[in-house]
Amino acid sequence: MPKEQDADFYSSLGENYETAFGHDTGLIEFTKRAMSYLPAQAHVLDVGCGTGKPVAKSLHEAGHSVTGIDISEVMVKLSQRAVPTGLFEVADMRTYTPDRPLNAVFNMLSLFALSRDDIEAMVPRWSQWLPVGGVVTVGTIAAEDCHPETKGSGYDADGLGARKIPFRFMANDITLDLLTRKGWEKILVEHGFVILETMTDTFAPPPEAGCDEEAHYFIVAKKIQ
């Protein structure tokens, strides 16, 4: 199994990940903007909750009820510490099913471990989990911002994604499957969502983190059918 899909890999990062990414100002700004689309006291699922900072903690502080899932037991424990009143559990997003109604699903920088096929399979799951009017957020990297024509093997035949793009993450060499902006729009619309807002922000982790600079692409979408 590639390390980017291995729970033990993420558990080994622990608080070092929080040090590197917990103060991402673009992520914090987008989380605040995304919350403006939520009803008061919303029930939110934080998919790939990581250490709970900044996303789950920000949601909690704004008065929302947070459930979080992550494949790493260490990350779940850190999230529970960050948000003691939240409900956090070890689970694989690809097979998880919520056990309560949701108003929103947040997927903030949590899809990088997935293949393109798995990423695309998540979108209909979000649609199943949410009622009409529910909100989904995505924090990712758009394929075109990683220049797959010069890194990796180029775009897929449909031009909507790229696979196995090499990337440096927490002093490890990994590969990413990514959708393009058009790829995200197409699959969200196909499954009943309309995009409300997007944002792009470049995040440079501290040098000691051993990470490439990341051009984050954020999406807020609403289920309309």
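Which residues is Thr-137 in contact with, leaving aside its neighbours within four places in sequence? The model here is predicted. In it, Thr-137 touches Phe-30, Ala-34, Val-105, Phe-106, Asn-107, Met-108 and Ile-219. Thr-137 sits in strand 5. It has a relative accessible area of 0%, so it counts as buried.

The largest nonpolar core holds 38 residues. Leu-38, Leu-59, Phe-106 and Leu-178 have the most contacts inside it. A second core is separate and has 27 residues. Among them are Ala-91, Val-105, Leu-111 and Ile-219.

Follow Leu-38 next. Setting aside neighbours within four places in sequence, Leu-38 is in contact with Val-44, Leu-59, His-64, Ala-104, Phe-106 and Val-135. Phe-106 is also on the contact list of Thr-137.

Finally, the surface. Tyr-37, Val-194, Leu-196 and Ile-224 make a nonpolar surface patch of about 300 Å². Leu-196 lies in strand 8 (residues 193-203). Is Leu-196 buried or partly exposed? Leu-196 counts as partly exposed, because its relative accessibility is 35%.

Definitions and conventions
Residues are numbered from 1 along each chain as its sequence is written. This is a predicted model: local features need pLDDT of at least 70, side-chain atom pairs count only at pLDDT 80 or more; totals for chains, interfaces and linings use all residues. Side-chain values use heavy atoms; hydrogens and water are left out. A nonpolar core is a set of buried Ala, Val, Leu, Ile, Met, Phe, Trp, Tyr and Cys residues joined through side-chain atoms within 4.5 Å. Buried means under 20% relative accessible area, exposed over 50%, partly exposed in between (1.4 Å probe, protein chains only). Contact means heavy atoms within 4.5 Å. Helices (H or I, at least four residues) and strands (E, at least two) are DSSP runs, numbered from the N terminus. Patches are made of residues with over 30% relative accessible area and no salt bridge: like charges are joined within 9 Å, nonpolar side chains (Val, Leu, Ile, Met, Phe, Trp, Tyr) within 5 Å. Accessible areas come from the Shrake-Rupley method with a 1.4 Å probe; for residues, only the protein chains shown count as cover. A salt bridge is a side-chain nitrogen of Lys or Arg within 4 Å of a carboxyl oxygen of Asp or Glu.
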